[in-house]
Structures are given as C-alpha cells and as structure tokens.
Amino acid sequence: MAWMPALFGSLPVRAAEELVLQLDGLALPLDLVALEAWTRQPDQAGNDLGVWLNLLEPQSRRDLIRLLRAPLLRDRSFGLQLLNSWTGEQMLKEAGSLLTAGPDGRSTAPLLLSSLRQLLEQQSSVSTLELLRSLPVASVTLRLDGAVQLAGQWRSQLQRQNTAIDLLRQLGLPRRGSSPLAFTSAMRRQPQRLPLTVPHRVAPLPLELWPAKQARLGPWVLMMPGLGGSADQLSWLAAALADRGWPVLVVDHPGSDQRALQASLLGDAPPPGAESLPQRLADLQAVLEAQREGQLPAFGPAPAGEQGVVLLGHSLGGLAALMGAGLVPERGLGRRCDLALSSLPLTNLSRLLQCQLPRITGDGATSLGPLRPQPPPAAAQATPLLGVVTFNGFGSLLWPHRGLQDLNVPVLLVGGSLDLVTPPVQEQLAVFAGARHPRSRLVLVEGASHFSPVRIDNRGEALFRLGEELVGIEPLKVQALLLNLTSEFLQGLEHPLMLSPQRREQDGVRAYVLDRNQARRWQGLLPAE
C-alpha cells in the first residue's frame with residue numbers, strides 16, 4: 001500500500017475501506033482495498049473477494065473493471081466548475097441519497113463534494129474507486145434498491161414514451177408525401193454580420209441577417225439558438241427561409257452560446273444554464289426595438305418582412321420565444337420542481353433547466369422578477385407578432401395547467417420521438433394541449449432527437465461530435481423535412497389550410513402533424529401516469 005500517500009496526498013487520513021451493497025434487506029460488505037487490488041491485477045488477486053469476482057464471465061469482469069476505473073470526471077477545470085454549478089449540486093444530491101454513511105444512512109453528498117474537489121486539485125481525472133476510497137468515513141453503503149428503483153423509473157418512462165408513439169400511429173391521420181426543398185443555392189450565401197449596441201450588455205450583441213431574396217409579402221423571422229448553441233448551427237434554416245422570401249435575423253447570445261460552453265469545458269466558467277434567460281429575453285426586446293426604430297439594414301426587396309415577426313427558437317431559444325410572446329410561468333413552480341426533482345429526471349433533462357427558474361422568476365406569475373414582460377412602446381404596432389415556432393421546446397413545469405392557452409397567435413411546436421432532453425409527450429404535447437389558436441400545430445418527427453435541428457460544421461469547428469444514439473436518424477433528412485414544415489407554417493399565416501393534420505412522409509422520414517383536436521385525442525388515449 002505504499003502507493004496510497006502518493007495518490008491521495010493531502011486527503012483526510014481516514015478513508016473508506018468498506019463498501020456495503022444493500023438490497024432487499026441484505027447487506028454484502030466489500031473490502032475496498034481488495035477491490036482496488038483486483039481491478040489492477042484480476043488474475044493475481046488471491047483474496048476471497050478476488051476469487052468470487054473471477055467467477056464472473058470474462059466480459060462481465062472487464063465491464064466491472066472499466067466501470068470502477070473509468071473517469072467520472074475527465075477534466076480538472078471542467079469538473080471544478082461543474083461542482084460549483086446548480087446542475088452539479090443536483091447530481092451530487094442524487095448520488096448522496098444512493099451512497100450513504102453511518103447507521104442513520106445519512107447522505108454522502110457533502111462528503112462527495114469535498115472529496116471530489118480535493119482530488120481534482122491534485123489530479124486531472126477521478127475514477128469511481130478513487131472517489132470511494134477518498135471519502136473520510138470507514139464504511140459507505142450503496143443502496144442498490146434505490147439504484148434499481150431509479151433504473152426502473154427510467155425504463156418505465158421510456159416504455160410510456162414508446163407506448164405514446166404507438167398510440168399516435170393509430171390516430172388515422174391522412175397520409176401526405178413531399179419532396180425536399182433545395183438547399184444548394186441558399187447554402188452558398190453568407191449572412192450580414194451586425195454588431196448591435198444594446199443597453200444591457202457591455203459589448204455589442206452579435207446578429208446575423210439573412211435578407212430575403214424574393215419580394216414577398218410576409219413576416220421576418222427572429223431566430224434564437226439553444227443553450228450552448230450558435231447562429232452557425234441554424235444557418236441551414238435561416239439561409240433556406242431567406243431564399244424563399246422570409247428574411248431571418250439570428251441572435252447569438254453571449255454568455256450562453258457556443259463560446260460559453262467552450263469556456264465551461266475548459267474550466268474557465270460554470271456551465272451555462274437557465275440563469276441566462278433574462279438576458280436572452282432582453283436581447284430579444286432589444287432586437288425588436290432596433291427593428292422598429294429603423295436601426296437595422298433592409299430585410300430585402302419590399303415588401304419582404306413588412307407583415308410582422310415570427311419568433312423561432314431551438315430548445316432554450318424556443319422557451320425564450322414563448323416567454324417573449326407573452327407566456328409567464330404559472331404560480332407554484334417551486335413546489336412542482338420539488339416533486340419533479342425528487343430524483344434526477346434522466347429522461348427529461350429539461351426539468352433541470354426549468355427548476356433553475358424559481359431562483360430567477362420567483363414562484364410564478366405574481367413574482368416574475370426580471371422576467372416580468374415589459375409594456376411595449378407605442379411603436380410596437382409597427383411589428384406585430386404573427387407566430388411562434390419552437391424546435392424541441394419545453395415548459396411542462398412552467399405551464400402545467402394552461403399550456404399555450406394565453407397565446408393568441410399560431411404556434412408550431414416540433415419534437416422528436418428520441419428526445420430525452422425535452423421528451424415530446426411531457427414537453428410538447430402537455431404544453432400544446434391548451435392551445436386555442438386554430439392554426440397552431442404540434443409536430444412529432446419519428447426517430448428525431450433533441451439535436452436533429454442542429455447542423456454541425458464538417459470542418460472540425462464544432463465543440464464535439466454527437467453519437468448516433470443522441471443524433472437520431474440522419475439529421476440532414478430531418479432538417480429537410482423541418483424546412484418544408486416551417487415553410488408551410490409560415491405560408492399558413494395567409495393560407496390556413498396549408499399545414500393540415502396529416503402523417504407526412506419525406507425521403508424516409510415520417511412526421512405527424514396535429515391540430516389542437518388531434519392533440520387532445522392523442523392525449524386522451526395515453527394511460528394515466
């Protein structure tokens with residue numbers, strides 16, 4: 001054991017030596033020192049624990065060793081920033097409820113936090129075994145029954161989502177096929193990059209303007225990327241809409257954009273979260289005011305963009321679009337969040353973002369703090385709001401009873417069946433069911449994920465590459481379908497029957513388009529939770 005002082009340095013002298021696995025009233029104690037020795041040399045471990053573990057099948061042994069020795073946190077700087085964030089606090093709270101100490105089964109969350117910080121100050125990554133051995137208690141208990149319960153909740157939620165998709169297929173919607181619209185000419189264009197001076201930021205707000213290429217009477221589109229996203233990731237849609245006569249202005253939101261995410265990965269700042277929402281809403285207001293006051297360049301040949309504005313956003317950008325259109329959280333948000341975060345929402349990560357909002361908005365409609373809508377200036381009539389489009393939006397905890405009921409403009413909510421960040425049944429259907437505008441539509445794309453609307457640059461500038469399990473079916477095909485649906489929704493502002501309820505099929509991708517009556521039918525078929 002001569003390696004112990006070198007490994008743990010200034011960690012407490014007392015360190016965990018025993019891990020007790022608890023399940024259904026049974027307790028199996030494991031010697032952590034022996035377990036560590038077995039992971040290093042499984043074929044030479046002569047203790048009783050090694051003998052039992054070597055009875056596992058070879059692949060199971062390798063998987064167990066990989067689990068125990070794999071880094072929980074791979075980067076020191078990012079790990080320290082994560083531990084200091086609200087999201088990290090929730091993760092440790094859940095871990096502490098499963099890993100307990102003492103006869104009273106108290107949470108180890110404070111011990112996990114202090115031990116992780118100490119380890120990360122000395123080494124670049126931390127493994128499961130290193131963390132367990134560093135805890136300043138003689139014995140810790142892993143509540144396998146709690147872990148099994150958490151896994152069961154995860155499986156149950158996935159099963160409910162799969163059941164919901166099966167029931168959606170049974171609605172008997174009329175079939176319609178379509179061909180992809182061309183991207184080629186639009187993607188050769190470059191936007192006008194505009195720095196807009198705004199009172200709430202020190203540096204100018206970066207904008208990208210895609211002027212319309214046609215003299216078409218219609219709205220202009222104010223587009224907002226998701227958390228950690230950038231204007232470049234949505235340029236495929238901005239360019240294609242502008243090519244068809246709808247000018248687009250894309251807002252990059254410093255502090256919650258791609259650079260902010262990069263800074264958090266480098267350990268220079270905490271991960272961006274819902275705390276950026278007030279500034280995003282201020283950005284939206286500033287852009288609308290700049291347009292009303294004539295501070296922006298022409299949107300293209302008249303009368304392009306003169307009819308009004310449509311707010312469009314992905315994920316957190318979609319939430320900003322809904323709130324910018326006038327929706328405010330319902331009272332009781334804090335209580336709903338306490339229930340929602342009784343365990344980590346593994347199949348609905350948007351609830352972590354929603355439950356950051358009570359610190360910002362207060363508890364709902366009567367205590368909105370910095371998110372209280374500002375009265376529009378007298379010139380607001382020059383830019384009427386004509387509609388809202390959200391890709392992978394969310395708000396089930398914010399508007400659990402009224403949903404979209406308080407919006408008097410058409411809304412297009414788009415979700416993906418593989419989305420575990422903003423799952424469609426909870427985050428789109430539950431919110432849409434209250435829609436009152438007859439031209440509002442809910443769309444579910446089979447096989448699409450939370451990241452399907454995001455186009456990642458092929459030249460390597462993206463922060464990371466997402467695996468197929470997160471991306472879903474081929475994103476380019478999904479994006480082509482989203483372009484068709486968004487174009488038809490915009491046309492539907494003048495021609496109400498353009499985007500009717502249907503089962504759309506395009507280039508191997510299937511989507512279901514529902515009006516409020518079809519959405520309520522689908523909701524009525526779902527089993528009660």
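Because the model is predicted, local features need pLDDT of at least 70 and side-chain atom pairs count only at pLDDT 80 or more, while totals for chains, interfaces and linings use all residues. Residues are numbered from 1 along each chain as its sequence is written, and side-chain values use heavy atoms, with hydrogens and water left out.

The sheet is open and mixed in its pairing, with eleven strands in the order 8-17-18-16-15-14-13-11-12-10-9. Helices (H or I, at least four residues) and strands (E, at least two) are DSSP runs, numbered from the N terminus; two strands pair if DSSP finds at least two bridges between them. Strand 8 (175–177) and strand 9 (192–196) are the edge strands, each pairing on one side only. From one strand to the next, the twist averages 20°. Axes here are lines fitted to C-alpha atoms, for helices over the stretch in contact, and angles run from 0 to 180 degrees between N-to-C directions.

Contact means heavy atoms within 4.5 Å.

How many residues of strand 13 are buried? Six of its six are, where buried means under 20% relative accessible area, exposed over 50%, and partly exposed in between (1.4 Å probe, protein chains only). Val309, Leu311 and Gly313 point one way, and Val310, Leu312 and His314 the other. Strand 13 pairs in the parallel sense with strand 11 over five bridges, and it runs parallel to strand 14, joined by six bridges. Leu311 stands opposite Leu222 on one of these pairings and opposite Val388 of strand 14 on the other.

Elsewhere, helix 2 (residues 32–40) and helix 4 (residues 58–69) have axes that come within 10 Å and cross at roughly 115°. Residues in the contact include Leu35 and Trp38 of helix 2, and Leu64 and Ile65 of helix 4. By class, the contact holds five nonpolar, one polar and four charged residues; Ala, Val, Leu, Ile, Met, Phe, Trp, Tyr, Cys and Pro count as nonpolar, Asp, Glu, Lys and Arg as charged, and the others, Gly among them, as polar.

Ser124 lies in the loop between helix 7 (109–122) and strand 6 (126–127). Its C-alpha atom is separated by 9.6 Å from that of Pro71, 53 residues away along the chain.

The whole structure has 13 salt bridges, each a side-chain nitrogen of Lys or Arg within 4 Å of a carboxyl oxygen of Asp or Glu. One of them joins Asp283 and Arg201 at 2.8 Å, N to O. This pair links distant parts of the chain, 82 residues apart: Asp283 is in helix 13 (residues 277–292), and Arg201 is in the loop between strand 9 and strand 10 (205–210). Asp283 counts as buried because its relative accessibility is 0%, and Arg201 does so at 13%. In another salt bridge, the closest N and O atoms of Arg402 and Asp406 are 2.7 Å apart. Arg402 is partly exposed at 35%, as is Asp406 at 43%. Salt bridges with shared partners also join Asp166, Arg169, Glu446, Arg503, Glu505 and Arg510 into one network.
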